[in-house]
Amino acid sequence: MKPVLSVEQLTIETIADGQPLVQNISFQLAAGQIVGLVGESGCGKTVTSLALLRLLDEKVIRQSGRIWLDETDLMTLSDRTLRRVRGGQIAFIMQNPMSAFTPVFTIGHQLMETIRTHDRCSKREAKDRALEALREVNLEQPDRILKAYPFELSGGMLQRVMIALAVCLRPHVLIADEPTTALDVYNQKLVLYYLEKVRATYDTAILLISHDLSVIAEMADHVLVMRDGEIVEQANVFDLFDRPQHPYTRQLLAQHGVQAGGMKA
Amino acid sequence: MSLLQLEHVSHRYGNQRFLARQAEQTVLQDVSLTLEAGTCLGLLGRSGAGKSTLGRILLGLERPKAGRVLFDGQDIYESASKDYRKDIQVVFQDSFAAVNPKLTAGQIIAEPLTNFLRLSPDALHDRLGGLMIQVGLSATDLTKYPHQFSGGQLQRICIARAIATNPKLIILDEAVSSLDMVNKALILDLLRNLKETLGLAYVFITHDVQAAQALSDRFVILDQGQLVGEYPTLLSFSEATDEHVQAIRQAVLAIHPRHRTIRK
């Protein structure tokens, strides 16, 4: 299957002292596939996700390699063209829904602004699409949510709004950076359930970044294990849990309560 | 006598919206529980259940609308003695938000010591160094600022600050919830050790069942402000089959992809 997103030899380093943050990583995402990126805090997961959208400050950080989105290398695009890709073809879901929205505008304003930035349509049409998107993640009373400000919603509700926002433009690729880390276990399961619904409905490719191996176990087809900016192992999720090759993967699994070759009682 | 005793505690918040009058919301209703010295109570429930409000009430920060909070037999909201402030400490979820970014680790940990104990500069210095070692850091880290620590290390600083005054009870409000799996295991180990060596009691507020089970001796479930389940031992909790325990267990994700339920 032809990948939607293909990352080739991505390296990220600081310009000031040439400190490598991510070293020579390569991976691919196919339509409808969920790839999990797992590792400890500070291993380079988030910086990788930001690099894919070229959101890192180019005055401070240098990145090299190729990022193919379908036929285009994102590394060669101008800022202007990139802005259309971001949100349109690749959408991003961040860890903390409380700080991802602007506090001073209503949810409806922010949803409609996003839709109208990418697609030319009337306000009315944008509103209908926003309502439709909120209904898809089963938020009750979507017309009330449109009028609400972010602080009036709970973290779990906001994260579902964020999924609605990310998906309403039907992106080919969704990058979800620790989408459930800030949520309680009940909301975590709900948000993961809607991510899966999005994948199944629109054949979206998802890069799911998490430090939680349970989230990976529930969701991923393929897993990348990252340590100190390098991918030390990548494998099919079942193979990875059953037959981890790298000692670091074994260590992570052991801490998680899975012994290589089977589960701990 | 129990270390901590809550008698029929109820609390409400006024729903304050600018220029709008709305009904008050009950966040805790008739909550009674006891905690013995040196034990850990796991307080479970979903967001909005009233867990953190209960934590604030235990800390003496928020007077409940009804009921009594007895610590060492004294009602903390009525008695003249404020000793409980030294004896009850807290560790929050977000360690970066819980410290002053302009202070060094040493100054952060020294704050409760200078508030409650009169120590000579030498004794203070020794105490700070000892505390750092107790939480698995080094005395040389005392001059560092919060941004120079990782989340796990800074949480250790917060724990050092909490144990500085030799308290009897620490409220752990989601204290391991935002740590990655490696740090979570390490901090839980540290908390377990401190509990045993210092004879500390904990109220461990969390929605993370696995973390709760790793540390707690007893469990209660709070739902919409009410205690809906009490389990006196780890075994009675792990074998319980009532709807509230079930709801918590169903929300727990699979450990292994073979058992996953969201994707088939």
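How many residues does the contact take from chain B and from chain A?

## The contact between the chains

The contact takes 22 residues from chain B and 31 residues from chain A, where two residues are in contact if their C-beta atoms, placed from the backbone, lie within 7 Å. On the side of chain B that touches chain A, helix α6 (residues 181–198) of chain B gives the most, with three residues. The residues of that side divide into 10 nonpolar, seven polar and five charged; here Ala, Val, Leu, Ile, Met, Phe, Trp, Tyr, Cys and Pro count as nonpolar, Asp, Glu, Lys and Arg as charged, and the others, Gly among them, as polar.

This is a predicted model, in which local features need pLDDT of at least 70 and side-chain atom pairs count only at pLDDT 80 or more, while totals for chains, interfaces and linings use all residues. Residues are numbered from 1 along each chain as its sequence is written, and chains are lettered from A and ligands numbered from 1 in the order in which they are written.

Chain A has 11 helices and 12 strands, which are DSSP runs numbered from the N terminus (helices H or I, at least four residues; strands E, at least two). Of the 265 residues of chain A, 44% count as buried, a term that asks for 20 or more other C-beta atoms within 10 Å of the residue's own.

The largest nonpolar core has 81 residues, and those with the most contacts inside it are V161(A) and I163(A); such a core is a set of buried Ala, Val, Leu, Ile, Met, Phe, Trp, Tyr and Cys residues joined through C-beta atoms within 7 Å. Helix α7 (residues 155–167) of chain A brings the largest share of this core, nine residues. Leaving aside residues up to four places away in sequence, V161(A) touches I107(A), L134(A), L139(A), I145(A) and L153(A). A second, separate core of 68 residues includes V9(B), C40(B), L227(B) and Y231(B).

## A sheet in chain B

In chain B, four strands form an open, antiparallel sheet in the order β2-β1-β4-β5, where two strands pair if DSSP finds at least two bridges between them. Because β2 (25–35) and β5 (74–75) of chain B stand at the edges, each with a single partner strand, one side of each is left without a neighbour in the sheet. Strand β1 (residues 4–13) of chain B and strand β4 (residues 66–71) of chain B pair in the antiparallel sense over five bridges, and the bridge partner of Q5(B) in β4(B) is L70(B).

Terms used: A residue is buried if 20 or more other C-beta atoms lie within 10 Å of its own, exposed if 12 or fewer, and partly exposed in between; C-beta atoms are placed from the backbone.
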